[in-house]
Amino acid sequence: MSFYLVQFLSGLATAATLFLVSSGLTIVFGVTRIVNFAHGSFYMLGAYLGWTLVERWGGTPLGFWGAVAAASLAVGLLGALMEVGLLRRLYRSPELFQLLATFGVVLVVQDAASWIWGSEDLLGRRAPGLRGSVDILDQPFPLYDLVLIGLGPLVLGLLWLLFNRTRWGTLVRAATQDRDMASALGVDPARLFTGVLFLGSALAGLGGALQVPREAVNLHMDMAIVVEAFVVVVVGGMGSLTGAFIASLLIGQLQAFGILVFPQITLVLVFLFMAVVLVIRPYGLLGRAEDAPPTAASPGPPLIAATGVARWAPALLLALLAAVPLVAGDYALIVLTEVVILALLAASLHLLIGLGGLVSFGHAAYFGLGAYGAALLVKHFAAPMPMALAAAPLLAGLGALAAGWFCVRRSGLYFAMLTLAFAQIVWSVTFQWYGVTGGDNGILGVWPPDWAAGKAAYYWLTLALAGGALLLLRRAAFAPFGYTLRAGRDSALRAESVGIDVRRHQWLSFALAGSAAGLAGGLYAFAKGSVFPTLMAVPVSVDALVMVLMGGIQTLSGPVAGAALFHLLETEAMSRTDWWRLVLGAVILVLVLAFPKGVAGFVRDLWTRGRDS
Amino acid sequence: MSRRLAVENLQRAFGGVQAVRGVSFALDAGEVLALIGPNGAGKTTCFNLLNGQLRPDAGTVRLDGVDIIGLPPRRIWRMGVGRTFQITATFASMTVRENVQMVLLSVHRRLFGLWTPAASGFRDEAMALLERVGMGAQAERPCGVLAYGDLKRVELAMALAGDPKILLMDEPTAGMAPGERQELMALTSSLVRERGLAVLFTEHDMDVVFGHATRIIVLDRGQLIAEGTPDAVRADPKVQAVYLGGAA
């Protein structure tokens, strides 16, 4: 009995941290509608700054809590700085560009933290006066965690007072419900947003600084917490503080007891929970329909089929690419093979985002399913490569068909979170099903047969298969299939009233995109000779998203250009410096600020302007 | 004349508000029936109940004798009910012609093609429809940049592309100049004669209503309070009270 009580209490302590971080995220999202990936980075910065300050002042209780508060305030200032210097310039850009920008910040912060604090885990000192533990029914429980448990409701109460008893809080609530009306009433949105970013980031920083006595501070804290915080925010209902509080409590307990009941699927439990909640309650526990974010991609100008010389551009490019092995060495061919594969991955995601307005945060799942489908056939059945490559899109397509059936029932950010949930489920099954998948050891020895083993031969094979798939995706975009998908995005109301089953069409598109990503995954497996669970992890999904957004979502060539740019940059930066994240992040930030329509969109604008004048 | 639509005892509440209470009426082929009433009378709710966007709490809607309650909008559309919206809904990322082609592709169940370009499908049919509503010259413009009155006409062409038996038009002339209004309704009336359509429309402009409706039904606070020819409705004291703000 006492064991369960202690488990319950530690669940509450986890919940308190989760609530601090996710309350900041939900406040920022509620007002600015920005999906702030950098929120986890602020949490991590809070932890690092907290560690430094606690080391310096943390000998006394006053010093310790002063250090925590100072770290939180400093992080809040950084958040405000991000709003003024970056986000403010992007409010008129498509919403996804803000997401891309915050991802640039994630990369920059990772390397900055690594540069300042090093890559070793940092163990902080315990909080003075709270070092010991208390006996609860004869089980020891850390005193510090008890304080944390109290802190959650305290912060909720303070936030409630702030939002309900102060003028500023009332303005924030007004802006949360109706941004345009608030600015029509004379509220300066820019100042309000700066304040909200300060508050939200300070809460993340506070959550991070409070971890110093509990766990080692490390460079992986950012992504781990931001994904969990998103789950909390979505389960609770976007923009709802009370919802975030309840969701934190539930997820804290789920983590505390899940490990006892289902040790096999601990990693996936939280995501399963979120999926179930979203299927039952479409807008989260306390969310309302009107708080739901609009579909992420706003309708762009008409897709214009290339005319004149430009019509031959894809064929010309293909011919050029096919000729590369005549002049290039093995290394260049390896990189180029990867570029072609990633172009297919990005284009398949673009089908969903650009044409369907469906932003997937979990597209890596289908890339990974394709890669594992091929690798498993080779490993367990010694299948020949052609069969394995045929199985890759099939398995991924089936996976997408299953996941998509649930995902397309929701829209906007809820759709995105469901795709993330399914990707995490696929990832954790792969990670934990050691007997079949080899867990994190992956599957090795997935090499092409002799006839395709040469770098040039495999490159040509990739070019033929991925190029063919790219061509099909391009045709599909201009064919009735793509038009119908766009019709559902532009106006679901109109589409349904002219006989289009929008949901079914989105579902099929999801499967098509999934199987195209699966083919890319299969090709990738044979290119690398091995597969690992990281292929289907969050960073790959984010990379694919970045490629699509970098290229621009309003053109079909965008994702291809984005994939090439992203991968070449990454490879080049990685080979030249250890600080490649910093370089990549900085490049993303510059690109976002300089080309708010993406690179391909910029080129197309230049082209049209040149033609019109 | 053949009976197209038979509505009986339609009811729908939102929370505690009874938006539509016990509405019954019929619509025959060749009729242009106006549904009028003050703001908040329940006109748009009625429309949404008829085309399947909302499900009524009670009542029946028969289309050519077939009960259509509970069917989704896309099924009701396939049975011959076209609709234009109060706030125009078109496909903003497509050109005017592509909007109409999209509907034609749906009519011919060609939505899943992966190879042949959509823009080449049913091009002439789409152009003919656009010429009919006077939008031929603007066929290649993106729908996102059109003036409001033009969008209304595109919507009409899209509705016609479905070759409907019944046309539901929610404030078809809102946002148009007076001349344009008469023009659009004259066009609608001639379409009714050509195609044997039945039209049900809501409208705030009384010149349009009394100039073009063959019959009028009046809704007030969710209930039908009058029904008849334009002259009879104009003379009805209950209607006058509602519109002139007499008795509450």
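Strands here are DSSP runs of E of at least two residues, helices are runs of H or I of at least four, and both are numbered from the N terminus; two strands pair if DSSP finds at least two bridges between them. I note that the model is predicted: local features need pLDDT of at least 70, side-chain atom pairs count only at pLDDT 80 or more, and totals for chains, interfaces and linings use all residues. Residues are numbered from 1 along each chain as its sequence is written, and chains are lettered from A in the order in which they are written.

I then turned to the domains of chain B, whose bounds come from an automatic or database domain assignment: domain 1 is 1-80 + 165-248 and domain 2 is 90-163. I recorded 26 Å between their C-alpha centres.

Last, I examined the contact between chains A and B, which takes 27 residues from chain A and 32 residues from chain B. Residues are in contact if their C-beta atoms, placed from the backbone, lie within 7 Å. On the side of chain A, α19(A) gives the most, with seven residues.

Methods. Two residues are in contact if their C-beta atoms, placed from the backbone, lie within 7 Å.
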